[in-house]
Amino acid sequence: MIRFTLNGQAVSSDVSDDTPLLWVVRDEFKLKGSKFGCGAGLCGACTLHIDGKAQRSCVLPISVVAGKAVTTIEGLGSPQEMHPLQKRWAELGVPQCGYCQSGQIMSAAALLSANSEPTEEQVEQAMAGNICRCGCYPGIKQAIMDVAKLSVTENEAVAYYTPKSHEREA
Amino acid sequence: MSMTDSLQETKVDALLSNASRREFLRRSGIVGGGLIVGVSLSSCSDVGPAIDASKGKFTPNAFLQISSDGVINFHNPRDEMGQGVYMGLTTLIAEELNTHPDKINVVIVDAHPDYAAPSSGFQATGGSGSIRDHYLPLRQAAANARELLLQAAGTSLGVAADKLRLQDARILHGSKDYSIGQFADAAEALPLQNDAALKSPGQFLFIGKEIPRIDAIAKSTGTAPYGIDADMENLHRAVVRHSPVPGGKVKSFDASKAKAVPGVVDVIEIHTGVAVVAEHYWPAKKAAALIDVEWDSPKELSGVSSASIRADYEAAMRSDEGEVYVETNDAPDTGAAEYTLEADYWSPYLSHSPMEPMNGTVRIQGDTAEAWAGSQGPITVQGMVTRYAGIDADKVTVHGLFSGGGFGRRAYVTHVGEAAALARITGLPIQVVWSRETDTQNGWFRPASLVNIKASLDSDGIINDWQAKRVGANITPEMVAQIMPVVLPSVPQGVVNVASGVARSAHDGWIVDHSSLEGLYDDYDWPNKRIIHKSVNHGIPTLFWRSVGHSYTAFAKECAVDELALQANIDPIELRLRNCRNNPRLANVIRRAGEVYSKGDTENSRFLGFAAHTSFQSHVAQVAEVSVANNDIRVHKVTCVVDCGVAVNPQIVRDQMSGAIMFGLTAALYGEIDIVNGAVKQSNFHDYPILRMTEAPEVDVIIIDSAEAPTGVGEPGLPPIGPAVANAVFRATGQRLRDMPLRLA
């Protein structure tokens with residue numbers, strides 16, 4: 001039995017220790033925003049946060065997250081209450097197919113938490129692990145730079161966001 | 001029933017009473033009779049109406065339903081896979097209803113004949129045709145609905161309909177306004193209207209305007225549903241082991257180790273390989289790797305490798321045996337050839353690699369079934385369930401979902417057939433999920449191609465002789481084998497095999513598959529031209545891949561033209577314009593992009609390359625700004641000029657151009673599927689790399705202002721980028737790269 005925090009809520013899972021976190025989050029806790037892309041930590045579609053740091057959940061055994069705080073795209077914000085990055089993503093119409101965007105946004109959120117005023121080059125480096133087959137890179141980069149330029153007050157959510165609890169569905 | 005018969009029946013409908021006429025029209029699929037989509041195949045079958053028109057709802061056609069509470073539901077006939085039809089087609093409806101696209105509820109449709117694409121006759125999405133096909137029909141459908149609502153409101157309010165206006169889902173009368181839902185019942189009772197006047201471009205509120213796509217919030221918050229997100233009580237997951245060599249069959253297998261993995265329910269041989277069914281994905285994935293399978297591989301593929309395929313293509317190129325002359329013009333050689341060129345251009349097999357791996361979910365209950373999958377045609381999903389679960393097509397409900405990328409790949413949904421077979425055998429709801437490795441190795445590929453260009457230039461810079469010969473496999477015969485079982489699910493496999501065999505020999509002999517050669521003979525004037533095809537097919541499965549034949553023909557054509565210009569020391573823009581008198585819209589984008597090119601090489605050690613190409617009726621010219629260091633090619637900036645007629649949503653047009661450039665750069669810089677002993681060598685993104693943000697250029701898209709009918713957008717941005725980069729690399733290094741991907745020695 002592995003106990004951890006998922007989007008601010010204490011949870012536990014009794015799947016086998018080697019099960020990647022991605023499948024636990026998606027199929028046991030029904031949070032479908034984190035996506036399966038490569039199963040090898042190569043594309044970033046499964047990116048979520050563990051104790052605030054971006055991690056590839058498709059290769060991360062569930063045993064590793066015991067006692068840690070996991071945040072998924074659902075914990076970052078919702079359509080009704082979007083994180084500043086999600087809001088900017090939507091305003092700019094960044095996504096095309098959209099499948100990789102949860103992972104892109106989670107990588108971007110972790111970057112801005114650690115470095116609220118990144119240079120373009122730092123953005124590119126931080127996002128290099130996230131593939132977008134539709135090639136939305138210019139929009140992704142612009143959205144991140146735009147949010148980084150927001151005033152400190154507007155941007156408070158970026159540096160200090162609190163994961164919102166997400167009700168576990170039956 | 002033939003199409004002529006059903007057309008004759010439409011004449012009879014004048015004799016029918018209003019109510020039954022409406023029902024007849026619905027049942028026959030001749031919804032909104034004035035629509036170009038008028039006659040559909042459903043008049044031959046027994047399917048019910050596309051939308052359940054229960055009382056209290058205004059359902060003027062298969063695309064629109066307005067509820068009594070005023071919600072406008074748009075039943076979107078095309079599949080959203082990133083290209084923007086969810087926004088673009090909704091914009092067409094929104095325009096004629098004077099209602100913002102974000103106030104329209106978009107419904108992803110089930111399989112139904114009323115949703116066949118006008119150009120193909122199938123409920124399929126592809127060929128960059130969605131906006132082109134639906135620009136007038138969907139606007140007409142919405143305009144008809146608008147007029148009926150205004151008439152119904154006029155009668156109900158006791159005022160002339162022309163004193164009313166429909167706006168933002170309200171009926172406005174002076175300072176008063178009413179929900180359109182109030183008039184839904186009355187509108188439903190009116191005679192159908194077929195030819196309401198469309199708005200003029202000057203009245204457009206949404207078409208041509210900068211409006212962010214309406215699916216962006218869902219796609220930015222992880223709430224947009226994709227096929228892989230389908231879930232339900234007791235859903236079991238399955239992972240299938242496929243033959244490494246295409247067409248291989250299971251000879252024998254040992255599943256004892258696989259069955260010992262906790263959570264595994266069963267290991268089952270199905271029509272495509274050996275499947276592990278488990279309670280969750282992870283045990284299924286682990287167990288699938290533990291099955292010992294002995295495969296019976298097709299003999300003709302043993303020993304086939306990328307090198308042997310290339311050698312066979314080169315031998316075919318040097319021989320005239322089995323050539324098919326596609327287009328030839330016997331005018332005598334009039335010009336003195338000042339400069340001549342003969343060169344081979346090579347393009348390898350490529351994988352589509354959409355971010356969402358192939359997956360499909362099927363649940364059977366009694367004699368009905370439901371299927372969940374993102375696809376490029378819900379009828380293919382339905383047909384797979386009918387064929388492999390034995391459920392009648394009209395008892396199969398398809399839940400359409402967003403696709404995490406298509407690029408042609410989701411035209412075939414073998415994975416849904418696997419889920420259907422396993423759901424039938426186990427009695428469980430089943431989701432089949434392909435791993436990235438399976439997605440990379442066991443699908444269909446952009447065909448490898450060798451294109452030879454022989455051309456000569458006269459002293460006036462006119463390309464007076466142009467011969468292009470392409471050697472490679474055709475896609476269409478494969479399509480017969482894949483699509484026939486889904487559109488005619490009860491046809492025995494033997495008949496499918498015979499039909500695809502006939503298609504193959506036909507295409508390899510006397511019928512030319514246009515998609516194999518498109519782009520080699522349309523763009524320039526070429527007074528003397530000869531276009532030749534030689535089919536060589538090793539049996540590697542091939543499929544449409546973003547921009548199809550143009551993805552390799554533009555490379556040959558635009559590099560060859562550039563090589564001729566350099567030989568003759570003529571500016572490459574000028575040379576193209578001299579040879580582009582019969583294609584004025586292509587000439588126009590060449591001129592516009594040429595202004596950027598002619599400013600010359602920009603920053604230190606950066607070089608420009610130019611290419612232009614017409615595809616899917618759109619015209620695109622691109623300038624690539626490239627540098628080379630340590631044999632590493634870096635593309636810094638791309639300027640793209642596109643003429644696609646009316647740009648329904650300019651932002652989506654820019655995004656599609658930019659996205660196609662990134663997709664094309666992946667192919668130009670890295671893309672290569674190698675064949676080793678008949679099997680695909682690459683397996684995941686470590687050895688089939690995709691362009692990343694650190695490698696992505698800045699892209700500047702210029703859209704030509706146009707009142708012409710809209711043309712393709714999803715694909716035409718791709719063909720010019722490869723040759724534009726190759727042409728820049730020559731200027732940077734003096735090396736003429738004629739093999740894709742571009743690699744410096």
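α5(A) and α6(A) are oblique to each other, a term for angles that are not under 35 degrees (roughly parallel), over 145 (roughly antiparallel) or 65 to 115 (roughly perpendicular). The model is predicted, so that local features need pLDDT of at least 70 and side-chain atom pairs count only at pLDDT 80 or more, whereas totals for chains, interfaces and linings use all residues. Residues are numbered from 1 along each chain as its sequence is written, while chains are lettered from A and ligands numbered from 1 in the order in which they are written. Helices (H or I, at least four residues) and strands (E, at least two) are DSSP runs, numbered from the N terminus.

**Chain A as a whole**

- Chain A holds seven helices and five strands, and along the sequence they follow the pattern β-β-α-β-β-β-α-α-α-α-α-α.
- Of the 170 residues in chain A, 58% are buried, where buried stands for 20 or more other C-beta atoms within 10 Å of a residue's own, exposed for 12 or fewer and partly exposed for values in between, with C-beta atoms placed from the backbone.
- Among the contacts in chain A with a separation of 6 or more, 64% come from residues 24 or more positions apart; two residues are in contact if their C-beta atoms, placed from the backbone, lie within 7 Å.

**Helix pairs in chain A**

- The angle between α5(A) and helix α6 (residues 137-149) of chain A is about 125°, and their axes are 10 Å apart; axes are lines fitted to C-alpha atoms, for helices over the stretch in contact, and angles run from 0 to 180 degrees between N-to-C directions.
- The crossing of α5(A) and α6(A) is right-handed, which is the word used if the near helix is turned clockwise from the far one by less than a right angle, anticlockwise being left-handed.
- On the α5(A) side the contact is made by Glu120(A), Val123(A) and Met127(A), and on the α6(A) side by Ile140(A), Lys141(A), Ile144(A) and Met145(A).
- By class, the contact of α5(A) with α6(A) has five nonpolar, no polar and two charged residues, where Ala, Val, Leu, Ile, Met, Phe, Trp, Tyr, Cys and Pro count as nonpolar, Asp, Glu, Lys and Arg as charged, and the others, Gly among them, as polar.
- Helix α4 (residues 101-114) of chain A packs against helix α5 (residues 120-127) of chain A at an angle of about 130°, with axes 10 Å apart, which makes α4(A) oblique to α5(A).
- The crossing of α4(A) and α5(A) is right-handed, and the contact joins Gln104(A), Ser107(A), Ala108(A) and Leu111(A) of α4(A) to Val123(A), Ala126(A) and Met127(A) of α5(A).
- The residues of the contact of α4(A) with α5(A) divide into five nonpolar, two polar and no charged.

**Where the chains meet**

- In chain B, 51 residues are in contact with 51 residues of chain A.
- On the side of chain B that touches chain A, at least two residues each are supplied by α6 (216-220), α8 (281-289), α19 (650-669) and β27 (698-703) of chain B, and α19(B) gives the most, with seven residues.
- That side of chain B has 24 nonpolar, 17 polar and 10 charged residues.

- Helix α16 (residues 550-568) of chain B has 19 residues and spans 26 Å from its first C-alpha to its last, close to the 27 Å expected at 1.5 Å a residue, the expected span being 1.5 Å times one less than the number of residues.
- α16(B) is mostly covered, with 16 of its 19 residues buried, and Asn569(B), which follows α16(B), has a positive phi near 55°.
- Helix α13 (residues 476-487) of chain B has 12 residues and reaches 15 Å from its first C-alpha to its last, close to the 16 Å expected.
- The buried residues of α13(B) include Thr476(B), Met479(B) and Ile483(B), and what covers the buried residues includes α10 (378-389), α14 (493-509) and α15 (514-517) of chain B.

**Backbone exceptions in chain B**

- Most residues other than glycine have a negative phi, and most peptide bonds are trans.
- Ser128(B), in the loop between β4 (104-108) and α4 (130-157) of chain B, has a positive phi near 50° and counts as buried because it has 26 C-beta neighbours inside 10 Å.
- Asp168(B), in the loop between β5 (165-167) and β6 (170-173) of chain B, has a positive phi of about 45° and is partly exposed, with 13 other C-beta atoms within 10 Å.
- The peptide bond from Met740(B) to Pro741(B) is cis, with omega near -10°, and Pro741(B) is found in the segment after α20 (721-733) of chain B.
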